[in-house]
Amino acid sequence: MILRSLKAKIFILTFTPLLLFFLAIIINTHVFQKQQTVEDTYAFFRSVVGNYTSSVEKWQSGRANMIQNIARISKAELITQNFLQATSDAYKADVYFAQDDGKIYASDQSDEEFAQGTYEDPYDPREEPWFKNANDKVFMDDLDFDETVDDWVVSWIIRKEDGVLGLDVHIGDMDLADKNLKLPSSGKLLLVDSHDNVIIWHDNNKLRGKPTTELDPSLTGDFLARIIKDTPTKLTEFTSAAGNSIWILGAPVNGTGWKLYICLDQDTVLASLHRSI
């Protein structure tokens, strides 16, 4: 009995460290795989951010080229109703020419409004910042709510002869990415303008034009700038107002002051990783 007990103790003393060693290997391997998968997730979403950012830049440069092409048309042809409406239909945008005398000719005017060079409601384009800031080079105005069309638009502006030519694109008509580029279901896209106002937030339009801090108090201008700085090397983490742990990464839209971010619910991502390990 003593001998049998001694053998059992020797067995336990011999194999317990070995068992612990193999258990440690399994745990470390699991943690390493998880870490690798998190790193792979970061690399994947960083690539997605790059694709979306490139798509926005392409969309913006395409509209700038459009208005440059329109500006080459003679003024006599430009301010005909048929031309403006046909151009609007072709480009899916509102096109207009505001003269230095205060008259404006636009693709969205009624026949009577066009004939008078004005809108039904009193409107003087010369009082608008875009009119005052226009010069002979195309510039993109920031997100703005246009009361004449009752919608959020982004405008491209250029001065031509004795007036200003404009192209307004409704945000709802914005081509954000190639049709074959799908944002994974765990991610939410945030696009903000140069003043850190929401342009696009996932599938929610109610926050459009509002400061990002109304989306979440953590999303201040300084924090958004830090995310851009951190993204080349890591995911940035914060706790949302709802108490959720969020990973976020982003990139600037070159030449505009716009910024694009992708927000990931950390629990959703990790749950997916656990299933894959």
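This is a predicted model: local features need pLDDT of at least 70, side-chain atom pairs count only at pLDDT 80 or more; totals for chains, interfaces and linings use all residues.
Me: How many salt bridges does a search of the whole structure find?
Reply: A salt bridge here requires a side-chain nitrogen of Lys or Arg within 4 Å of a carboxyl oxygen of Asp or Glu. When the whole structure is searched for such pairs, the number found is six.

Me: Which residue forms a salt bridge with Asp100, and how far apart are the closest N and O atoms?
Reply: Asp100 sits in the loop between strand S1 (94-99) and strand S2 (104-106), and its partner is in strand S5 (residues 151-160), 59 residues apart, so that the pair links distant parts of the chain. The partner is Arg159, and the closest N and O atoms are 2.9 Å apart.

Me: Is Arg159 buried, partly exposed or exposed?
Reply: Buried means under 20% relative accessible area and exposed means over 50%, with partly exposed in between. The relative accessibility of Arg159 is 27%, so Arg159 counts as partly exposed.

Me: Which parts of the chain does the salt bridge between Lys259 and Asp196 tie together?
Reply: The side chains of Lys259 and Asp196 meet at 3.2 Å, N to O. The two residues are 63 residues apart in sequence, so the pair ties together strand S11 (residues 259-265), which holds Lys259, and the loop between strand S7 (187-192) and strand S8 (198-201), which holds Asp196.

Me: Are Lys259 and Asp196 buried or exposed?
Reply: The limit for a buried residue is a relative accessible area under 20%. Lys259 has 15% and Asp196 has 18%. Because both values fall under that limit, Lys259 and Asp196 are buried.

Me: In which helix do Asp230 and Arg226 both lie?
Reply: The side chains of Asp230 and Arg226 meet in a salt bridge of 3.3 Å, N to O. Asp230 is buried at 12% relative accessibility, whereas Arg226 is partly exposed at 42%. They are four residues apart, about one turn of the helix, and both lie in helix H7 (residues 221-230).

Me: What covers the buried residues of H7?
Reply: Phe223, Leu224, Ile227, Ile228 and Asp230 are buried in H7. Their cover includes helix H6 (212-215), strand S9 (236-239), strand S10 (245-252) and S11.

Me: Which residues does Asn197 touch, not counting residues up to four places away in sequence?
Reply: Asn197 has its place in the loop between S7 and S8. At 18% relative accessibility, Asn197 counts as buried. With residues up to four places away in sequence left out, Asn197 touches Leu191, Val192, Gly209, Lys210 and Pro211.

Notes. Residues are numbered from 1 along each chain as its sequence is written. Side-chain values use heavy atoms; hydrogens and water are left out. Buried means under 20% relative accessible area, exposed over 50%, partly exposed in between (1.4 Å probe, protein chains only). Contact means heavy atoms within 4.5 Å.
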